[in-house]
Amino acid sequence: MRLGVIGFGNMGSAIAKGFVSKNVMDIENIAIYDSYYKTREKAKSGGFATCFEDEIELVRYADLVLVAVKPVHARDLFEKISQYIDNKLIISIVAGLESTTIKSWIGCDKRVLRIMPNTPAIVGEGVFALDSDSNARDDEKKTLESMFSAIGLVEWVEERLFPVVTGLSGGGPAYVAMFIEALADAGVLHGLKRDVAIKMATKTVLGSAAQIFETGIHPAVLKDMVCSPAGTTIEGVKALEDYSFRAGVIEAVSAATLKSKK
């Protein structure tokens, strides 16, 4: 099976490199096209020797085509490659672009699987929402679930729920980064060195997330485990509640969801 990647930016390259590092695919079976010459050269220097200077040639070469371009360039691209898709599966990670819109450009009979990834895929810890409404074949769905599971968490989600996926796991890394930065700022405020504070804050978030994910405990259980009666942590929890911490996070996800729907 040969995979063609159109758009070798952060997400396109993260997925391709993840497949290689996790031995999901051999690097010689992944072809790259990017409109920027320097990006193609960078891909070649990274071991992706099969680089095309034309997206049509890439589509002709590949069995699966992963489209990872910016939304503003999507229509021109899909219309350009439409007559060369044949029986190939199109995998789209173009933000906010619905499958019905893609099919209106390439043909309603074409197979499209929409995927919503997030940036931790770069380190093999991504979250991938796969469209459960896709008209991809069952064998293709099974194969792709296995492939993406190697570089992160895979959940099959109805496409109508993709806006909330965008707001939660898509935007979530930004909210978590802000939380880590705030934890570190507080540490610096009270005397810790900046680099030490950032490492401690980051590892605290990473460890807490791993504890919840791997044990399956409810987040509230972990919170209660740390909060001793009349202790320091419950005092901090109260301060977070005073500043509407949880309500603020809910509003952030809601705002991003509504923006995505627009």
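Start with strand S6, residues 111–116. S6 is mostly covered, with six of its six residues buried. Buried means under 20% relative accessible area, exposed over 50%, and partly exposed in between (1.4 Å probe, protein chains only). Strands (E, at least two residues) and helices (H or I, at least four) are DSSP runs, numbered from the N terminus.

This is a predicted model: local features need pLDDT of at least 70, side-chain atom pairs count only at pLDDT 80 or more, and totals for chains, interfaces and linings use all residues. Residues are numbered from 1 along each chain as its sequence is written, and side-chain values use heavy atoms, leaving out hydrogens and water.

Show the S6 side chains. Arg111, Leu113 and Ile115 point one way; Val112, Arg114 and Met116 point the other way. In a regular strand the side chains alternate between the two faces of the sheet.

Two strands pair if DSSP finds at least two bridges between them. S5 (89–92) pairs with S6 in the parallel sense, over four bridges. Pick leucine 89: it stands opposite arginine 111 in S6. On S7 (126–131) the pairing with S6 is antiparallel, over two bridges. Here isoleucine 115 stands opposite leucine 130.

Select helix H5, residues 99–106. With S5 and S6 it makes a right-handed β-α-β unit. Right-handed means that, with the strands pointing away from the viewer, the path from the first strand over the helix to the second runs clockwise.

Move to H6, residues 138–149. Its buried residues are Glu140, Lys141, Leu144, Met147 and Phe148. Look down the axis of H6: these residues fall within an arc of 130 degrees, so they line one face of the helix. The arc is that of the directions from the helix axis to the C-beta atoms. Turned away from that buried side are the exposed residues Asp138 and Lys142. The buried residues of H6 pack against several elements, including H1, S6 and S8.

Zoom in on phenylalanine 148. Which residues does phenylalanine 148 touch, not counting residues up to four places away in sequence? They are Ile15, Phe19, Ile115, Phe128 and Val154. Contact means heavy atoms within 4.5 Å.

Finish with the largest nonpolar core, of 30 residues. Such a core is a set of buried Ala, Val, Leu, Ile, Met, Phe, Trp, Tyr and Cys residues joined through side-chain atoms within 4.5 Å. Ile15, Phe19, Phe128 and Phe148 have the most contacts inside this core. H1 gives the most to this core, with four residues.

Methods. The expected span of a helix is 1.5 Å times one less than its number of residues.
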